[in-house]
Amino acid sequence: MRLSRYFLPLLKETPAEAQIVSHQLMLRAGLIRQSSAGIYSWLPFGYRVLRKVEQIVREEMDRAGAHEILMPSIQPAELWKESGRYDDYGKEMLRITDRHDRAMLYGPTHEEVVTDIFRRSVRSYKDLPLNLYQIQWKFRDEIRPRFGVMRGREFLMKDNYSFDLDFAGALRSYNAMLLAYLKTFRRMGLTAIPMRADSGAIGGDLSHEFQILAQTGESAVYFDAAFEDIDFLQDELDVEQLKALYAATDEQHDPASCPVPPERLRSGRGIEVGHIFYFGTKYSKPLGATVVGPDGAEIPVEMGSYGIGVSRLVGALIEAFHDEAGICWPEPVAPFRLGLINLRPSDQGCSALVAELEAKLARAGVEVLVDDRDDSPGAKFAAMDLIGLPWQAVVGPRGLKEGVVELKCRRTGAREQLSPDALLQRFAA
Ligand code: 5CA
């Protein structure tokens, strides 16, 4: 992709309406634009990241045995009257009336819809366990939408729902999701701390919130250093042992009674990027979602629901990975892996080498963004730092003479000179 032909509207000034760094950078680096309060358009650069985050979430859900579906964003009010949540949900629910005067709503979550699918399709305990997920836009009419995509009114969520015959099965599903979440966040380069939580409007009695660590996080968290040492992608994990590890919010943490010795106690600031709930028969009972059990009796299914804030994660990733110059994307979610700067597009030699590298890298499947604009070197370096691609390669007249390009790691700032062939080998391997 060439910047001269790409749609990447960068802002020089920090927009006054943005209070936190991720919101500022998402506007400045051309990821999003606000449409109305708490509602955003995703521009090409931001949308690429959103899709990468989504894809990692999808792969881990699939690996955990969940099946992807897509439920409607607009739901009938009747279902929520059946579950008893229609009146309780209050002003956060955007209520709509259609032309036939039927009460509809823009879904803030999908427990009712998925339970309705289940009750109309599943009859026997033999079809359990079942786990269905979707990646779908939600709407919650938050009183104070703020911090950009971190607390939006419209936001993208991955939500899934487990159905089991009994509590033991539901707990297995819950535990499998807890592990899948830790892997999912780890794959994005994040450390996530699962914390016992209130289940709030979703209801139920077992719940964990996942806080990822970022210096600018909203809430203080205290946790066992073990969370930083565990390799969530490789190690065989004992989920009960994990759940027993110490993790506490500011209010829960009491230094006097904390079971973790000071040398193993870590503290940081967290951003909630996921929340999982076990709530038993809270929805299956009122909606009549039952299966015929082994002994022929009708049994309401045991359910859980599991959410990841996909659009919030894009902001959270920036909160976790940035410096004064801009964003520092971790490779797995970076919109492009390499930024290739042509320092002098008017120089035929520079442009020929850039074109050759671009073509060869593209053939090897490397995502490259070429800065071929007529701009000063300083402006190009600043723009490349701002947008935060993990690697930057610079082709200029001086290097060309010496047969080298300069490669810079965005995160560490480390630079090295290498031949164009060595560069290709490094990235195409
Ligand atoms: N039905 C359950 C799980 S499927 C549920 O709705 N859970 S939730 O309310 O905790 O939301 C799940 C995740 O969505 C949260 O952990 C958070 O990361 C994200 N989220 C919630 N509200 C917003 C919001 N206003 N803006 C952006 N992300 C949000």
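Visitor: How far is an oxygen atom of the ligand from an N or O atom in the side chain of His-275?
Guide: This is a predicted model, in which local features need pLDDT of at least 70, side-chain atom pairs count only at pLDDT 80 or more, and totals for chains, interfaces and linings use all residues. Residues are numbered from 1 along each chain as its sequence is written, and side-chain values use heavy atoms, with hydrogens and water left out. A polar contact is a pair of N or O atoms within 3.5 Å; within protein, one must be able to donate a hydrogen and the other to accept it, and residues adjacent in sequence count only if both atoms are side-chain atoms. For the ligand oxygen and the His-275 side chain, the distance is 3.4 Å.

Visitor: How much of the ligand's accessible area does the protein cover?
Guide: Accessible areas come from the Shrake-Rupley method with a 1.4 Å probe, and for residues only the protein chains shown count as cover. On its own the ligand has 600 Å² of accessible area, and the protein covers 95%.

Visitor: Which side chain has an N or O atom 2.7 Å from a nitrogen atom of the ligand?
Guide: An oxygen atom of the ligand is 2.7 Å from an N or O atom in the side chain of Arg-140. For the nitrogen atom, the side chain at 2.7 Å is that of Glu-111.

Visitor: Which strand gives the largest share of the shell around the ligand?
Guide: Strands (E) are DSSP runs of at least two residues, numbered from the N terminus. E8 (154-164), E13 (265-280) and E16 (302-309) each supply at least two shell residues. The largest share, 5 residues, comes from E13.

How values were computed. Helices (H or I, at least four residues) and strands (E, at least two) are DSSP runs, numbered from the N terminus.
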